[in-house]
Amino acid sequence: MCAGAISDTLFNNLTNLNVVIPENVLKDKVTGYFMHLKGETGLIAVDPSISIYTVFRSAGPVLSAEKTRGFDQVLLDHAIKEGVRFVNQRVKKVIAGTKEKISLIFGEDEKEWEGDLLVGAFGVNSRIGEKLASGYKPPKCWSACQTEIEVPEDFSERTIRNKIHIFSTDHPNIKYIAFTPKGNVITVTAIGKNVKRVDVENALKEEAISSYLPVNYSCKCHCHPKIPVTIARNPFSDRFVIIGDAAASRYLKNGIESAFFTSEWAASAALHHGLSSDDFKNHYYNRCLKVFSRDNIYGKILFGIYDIFGNSGTISRININIIRGEQEKSHDSKILSSVILHLFTGDAPYARILREAFRPKLFVSFIKESFRSRHAR
Ligand SMILES: Cc1cc2nc3c(=O)[nH]c(=O)nc-3n(C[C@H](O)[C@H](O)[C@H](O)COP(=O)(O)OP(=O)(O)OC[C@H]3O[C@@H](n4cnc5c(N)ncnc54)[C@H](O)[C@@H]3O)c2cc1C
């Protein structure tokens, strides 16, 4: 249900909290992004000092022989070590909080839990959010599609090369396809409003994409996770606060990191201000809106531009040529590479990336490259 790319900031923030992710959970360190636009390919290298790792959120692909401890289990084990009691049961119903307490019903035998504060970290793939009586409106979501493909080790070393591969596709339902390397497994993620399994199967047959897969590959499993594209309304009430995807996240990128931040802000609001609806509104939700809502609009503009450019063969060719030229330079300004890298690693606010994308120098490179490629033909 997730591509499992862990950003540099998230990795460092977890390290600062003494959450050690064991080496066997970190499947690959990403050394670059291959951009495949309309059959043209450009590589954008990631600075070696930046740690972008890939992980399986759970134990690995459903039908795979190799089962490992996943990233979420590491987080859960850490929480348990810190004193958390883990009850592996489904929450059935939340009973609205009062000034004194909040409670919920859980498990098959419908037990009741009562406490001081309830934190909803149920994501967007759960229906529990629909049953809340607190005026909560979940974020609007797209339905993505993912599949996992096992590849021989030498294929991975030769073709995937510890890089994330981003492909444009001719399929109208898919905005882009990403290959995330995890040792001898590739996680294929297709992003779009409503991507079906058959859409992904067809897109993977396109020559520009199939040449990055073994000849007789098979998909180990597939899933249709939802991905939020707006921010929830009222993810709080008295003694109840909702965090993670179900509350607010960065548009299309770094959802795990957004979950990290929203949980930190919610904890800070509860500890430093109080547990009332107003406390969470003023000191938690407003902070989510401040960080995400406007920046996500810039994100939508950027991905919109990327979409339009990615659909044009001519513009794609020009952009890939600019990237190739920039990558040959040692440390001169690599504006387009940096814009695309930030867009896909999600390691800078969208507002900053948009400003960078509109730098006159990039516009000049674009004009020069279009003249150059017109004369070269
Ligand atoms: C296709 C795709 C690719 C992605 N790739 C990346 C990526 O590479 N990097 C990244 O940072 N982010 C990525 N994301 C985003 C990331 O997966 C989410 O932002 C992140 O998982 C949100 O965390 P969360 O804790 O809010 O929700 P979730 O991770 O969805 O966790 C919710 C948990 O609540 C549990 N739950 C739900 N309902 C109940 C209930 N009633 N009772 C008990 N438990 C319940 C669920 O079982 C689940 O364990 C991707 C998302 C998609 C859709």
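**Aspartate 238 and its surroundings**

Tutor: The side chain of aspartate 238 makes a polar contact with the side chain of lysine 99, at 3.2 Å. A polar contact is a pair of N or O atoms within 3.5 Å; within protein, one must be able to donate a hydrogen and the other to accept it, and residues adjacent in sequence count only if both atoms are side-chain atoms. This is a predicted model, in which local features need pLDDT of at least 70 and side-chain atom pairs count only at pLDDT 80 or more, while totals for chains, interfaces and linings use all residues. Residues are numbered from 1 along each chain as its sequence is written, and side-chain values use heavy atoms, with hydrogens and water left out.

Student: Which backbone nitrogen does the side chain of aspartate 238 reach?

Tutor: That of serine 277, at 2.7 Å. Contact in general means heavy atoms within 4.5 Å. Leaving aside neighbours within four places in sequence, aspartate 238 is in contact with Gly97, Thr98, Lys99, Ile102, Leu275, Ser276 and Ser277.

Student: Where is aspartate 238 placed?

Tutor: Strands (E, at least two residues) and helices (H or I, at least four) are DSSP runs, numbered from the N terminus. Aspartate 238 is in the loop between E17 and E18. Arginine 239 lies in the loop between strand E17 (236–237) and strand E18 (240–242). Although arginine 239 is not a glycine, its phi is positive, at about 60°.

Student: What is the phi of glutamate 110?

Tutor: Glutamate 110, likewise not a glycine, has a positive phi of about 45°. Its place is the loop between strand E7 (102–106) and strand E8 (111–115).

Student: What area is buried between domain 1 and domain 3?

Tutor: Buried area is the accessible area (1.4 Å probe) that two parts lose on being put together, summed over both. For this pair it is about 1300 Å², with 75% given by carbon and sulfur atoms.

Student: How many salt bridges are counted between domain 1 and domain 3?

Tutor: A salt bridge is a side-chain nitrogen of Lys or Arg within 4 Å of a carboxyl oxygen of Asp or Glu. The count between these domains is 1. Glutamate 40 forms a salt bridge with arginine 324, the closest N and O atoms being 3.5 Å apart.

Student: Which residues are closest to the ligand?

Tutor: A residue is near a molecule if one of its heavy atoms lies within 4 Å of it. The ligand is surrounded by 25 residues, the closest being Ala5, Arg57, Val91, Ser126 and Asp245. A backbone N or O atom of valine 91 lies 2.8 Å from a ligand nitrogen atom, and one of alanine 5 lies 2.9 Å from a ligand oxygen atom.
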